[in-house]
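Here is a short briefing for a first look at this chain. Take the overall layout first, then the confidence, then the packing.

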Amino acid sequence: MKNNVMAAAVAAITAGWLVGPSIAEPLNTMDDVGRAIDSCWEAPSGVKGTVTLSFSFKRDGSLIGKPRPTNISVEGDDKARQQFIESAMNALDTCMPLTFSPGLAEGIAGQVFTMPFTAPKDSGAHPTVDTQ
């Protein structure tokens, strides 16, 4: 687990998405937000499926409350399903707070967003964060 957190931090630094306003380039779009969160996610190995999380942001880039799984379709037993859900929720925890541009911060606060976490990852697909 410690290696996963370190790998996510390295990915965030490399992509310019490291948390903290003095270090990170501000995220300007919801596509940027999706890519930043996706860079923090490592799906459990050998498990296929999708979990969609619902969550809201504060203007400072932190989450309002705890994310909620809203759609779960994971192959395997209950243990595999729970590991998949936890990996997606941990991705959000690992990435927070995000650094938003002033314009994005103004419009994002309090809105409910959803984001699917799908494994295996499609290298050509871009993660999206949608408004509910």
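Helices (H or I, at least four residues) and strands (E, at least two) are DSSP runs, numbered from the N terminus. By that count the chain has 4 helices and 4 strands. The model is predicted: local features need pLDDT of at least 70, side-chain atom pairs count only at pLDDT 80 or more, and totals for chains, interfaces and linings use all residues. Residues are numbered from 1 along each chain as its sequence is written, and side-chain values use heavy atoms, with hydrogens and water left out.

**Layout**
- Along the sequence, the pattern reads α-α-β-β-α-α-β-β.
- Contact means heavy atoms within 4.5 Å. Of the contacts with a separation of 6 or more, 70% link residues 24 or more positions apart.

**Confidence**
- pLDDT is the predictor's confidence in each residue, from 0 to 100. Its mean over the chain is 82, and 75% of the residues reach 70 or more.
- Among the elements, strand E1 has the highest mean pLDDT (96) and helix H1 (residues 2-15) the lowest (41).
- Over residues 1-23 the pLDDT is below 50. Beyond near neighbours in sequence, this stretch has 28 contacts in the model.
- Where pLDDT is low, the predicted coordinates should not be read in detail.

**Burial and packing**
- Buried means under 20% relative accessible area, with a 1.4 Å probe and protein chains only. Of the 132 residues, 41% count as buried.
- In helix H2 (residues 30-39), the buried residues are Met 30, Asp 32, Val 33, Gly 34, Ala 36 and Ile 37.
- Their cover includes strands E1 (49-57) and E3 (112-119), and helices H3 (78-95) and H4 (102-108).

Definitions and conventions
Buried means under 20% relative accessible area, exposed over 50%, partly exposed in between (1.4 Å probe, protein chains only).
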